[in-house]
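Reader: I have a chain open on my screen and would like to understand how it is put together. Could you take me through it?

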Amino acid sequence: MHSIMPLKLVHTSGPVYRVMTINVAKCLNSCLKFARQLPILTLAEFIRNMLQRWFHDRHRTPQSMRHQLTNASHLVILKRVEKCAYMTVNPVDWNIFSVKRSRKQWTVDLARKTCTCNKFQMNMFPCSHALAAARYSTFI
Ligand SMILES: [Zn+2]
């Protein structure tokens, strides 16, 4: 009987587009926890069926979407827009903004899509500071 090792975490220096690769590995490991004890051909068939079912279910999701973003991403944006309501924005120049909340401060460059919190450039998805700056500059 073969024993399959758990999937290893993937490290990347590039943008991850707000996709948590760690969670994918954990999810697969969790789903295969008991199947790892199966004979290799049965395990392969189990994985094929599981992935086929996942892809089928995922194929239906876009048909129910009402936005350009996925429903999950849309919810994240809505929460961040709510959060940016408590931020103060001061323009530094045409594209750069200083965003403050309580005693913390971030600098957002909308042209370069960067923020000093690093979430904007790492995830390629606007952080709440970037949304506050975009709201100020009437981009949204
Ligand atoms: Zn930020």
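Author: The answers below go from the overall layout to the sheet, the helix beside it and the core. Please keep in mind that this is a predicted model.

Reader: Fine. How many helices and strands does the chain have?

Author: The chain has 5 helices and 4 strands. Along the sequence they follow the pattern α-α-α-β-β-β-β-α-α.

Reader: What order do the strands take in the sheet?

Author: The sheet is open, and its 4 strands have the order 1-2-3-4, with antiparallel pairing. Strand 1 (88-91) and strand 4 stand at the edges with a single partner strand each, so one side of each has no neighbour in the sheet.

Reader: And what holds strands together in general?

Author: Strands of a sheet pair through backbone hydrogen bonds, either parallel or antiparallel.

Reader: Back to this one, then. How many bridges join strand 2 to strand 3?

Author: There are 6 bridges between strand 2 (residues 96-101) and strand 3 (residues 104-109). As one example, V99 has W106 in strand 3 as its bridge partner. The hairpin of these two strands has 2 residues between the strands, and S102 takes a positive phi near 55 degrees there.

Reader: What about strand 3 and strand 4?

Author: That antiparallel pair is joined by 2 bridges, with strand 4 covering residues 114-115. V108 has C115 in strand 4 as its bridge partner. These strands also form a hairpin, here with 4 residues between them, and K113 in the turn has a positive phi of about 55 degrees.

Reader: New topic: which strands does helix 5 touch?

Author: Helix 5 (residues 128-136) packs on the sheet and touches strand 1, strand 2, strand 3 and strand 4. Its direction makes about 120 degrees with that of strand 2.

Reader: Which residues of helix 5 are buried?

Author: In helix 5, the residues S128, H129, A130, L131, A132 and A133 are buried. Just after helix 5, T138 takes a positive phi of about 60 degrees.

Reader: And how much of the whole chain is buried?

Author: Buried residues make up 12% of the 140 residues in the chain.

Reader: Which residues touch the most other members of the largest nonpolar core?

Author: That core has 13 residues, and V99, V108, C115, A130, A132 and A133 touch the most other members. Strand 2, strand 3 and helix 5 are the elements that give two or more residues to the core. Helix 5 gives the most, with 4 residues.

Reader: Last one: which residues does the UniProt domain annotation cover?

Author: The unreviewed UniProt entry carries the annotation "domain: SWIM-type" for residues 106-138. In the model, that span is 42% helix and 18% strand, and its end C-alpha atoms lie 19 Å apart.

Notes:
Residues numbered from 1 in each chain as written. Predicted model: local features only at pLDDT ≥ 70, side-chain atom pairs only at ≥ 80, totals over all residues. Pairing = 2+ DSSP bridges. UniProt positions renumbered as here; feature names shortened; annotations may be inferred. Contact = placed C-beta atoms within 7 Å. Axes fitted to C-alpha atoms, helices over the stretch in contact; angles between N-to-C directions. Core = buried A, V, L, I, M, F, W, Y, C linked by C-beta atoms within 7 Å. Buried ≥ 20, exposed ≤ 12 C-beta atoms within 10 Å, placed from the backbone.
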